[in-house]
Amino acid sequence: MRTREEAIAFCRGFSDVLEDYPFHDDNWTAMRHCGNKKIFALIFERDGKIWINVKCDTEWRDFWRGAHASVLPGYHMNKEHWNSVILDGTVPDGDVERMLRESYELTKPVRRQK
């Protein structure tokens with residue numbers, strides 16, 4: 001995964017997802033849940049590369065940062081719960097997809113049991 005379009009297409013594969021441009025700036029794409037409007041992926045270009053901010057479990061946060069030089073504390077996000085993934089080709093697609101899936105799961109609406 002190297003492009004914004006590939007990242008958006010992957011995110012759209014999840015159920016009940018909305019593509020949004022909340023900052024009135026085409027550089028920032030927010031992938032949200034339709035049910036609670038929470039962002040699970042924030043996609044943007046910085047320094048000529050596509051970056052994706054993903055929410056992560058604190059147990060995995062440091063693992064991902066240590067495993068890949070292109071996974072950094074979340075750019076303009078809470079560094080405890082968010083990582084930024086730079087799509088420069090050094091992070092395998094499977095790892096990027098796993099981080100996106102985890103972010104989606106962590107932010108999805110909670111179903112309340114009756």
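1. Let's start with Ser70, which is buried, with a relative accessible area of 6%. Keep in mind as you look around that this is a predicted model. You will find Ser70 in the loop that runs between helix H2 (58-67) and strand E5 (71-73).

2. Which side chain does Ser70 meet in a polar contact? The partner is Asp88, and the contact spans 2.6 Å.

3. Now for the charged pairs. Side chains of opposite charge can pair when their charged atoms come close. How many salt bridges does the structure hold? There are four, and the next points walk you through some of them.

4. Arg32 pairs with Asp20, with 2.7 Å between the closest N and O atoms. Arg32 is buried at 16% relative accessible area, whereas Asp20 is partly exposed at 23%.

5. Take a look at Glu19 too: its side chain forms a salt bridge with that of Arg12, at 3.1 Å from N to O. Glu19 is partly exposed, with 23% relative accessibility, and Arg12 is partly exposed as well, at 45%.

6. Finally, find Arg61 and Asp62, another salt bridge, where the closest N and O atoms are 3.1 Å apart. Is Arg61 buried or exposed? Arg61 is buried because its relative accessible area, 16%, falls under the 20% cut-off. Asp62 counts as partly exposed, at 46%.

Technical notes: Residues are numbered from 1 along each chain as its sequence is written. This is a predicted model: local features need pLDDT of at least 70, side-chain atom pairs count only at pLDDT 80 or more; totals for chains, interfaces and linings use all residues. Side-chain values use heavy atoms; hydrogens and water are left out. Helices (H or I, at least four residues) and strands (E, at least two) are DSSP runs, numbered from the N terminus. Buried means under 20% relative accessible area, exposed over 50%, partly exposed in between (1.4 Å probe, protein chains only). A polar contact is a pair of N or O atoms within 3.5 Å; within protein, one must be able to donate a hydrogen and the other to accept it, and residues adjacent in sequence count only if both atoms are side-chain atoms.
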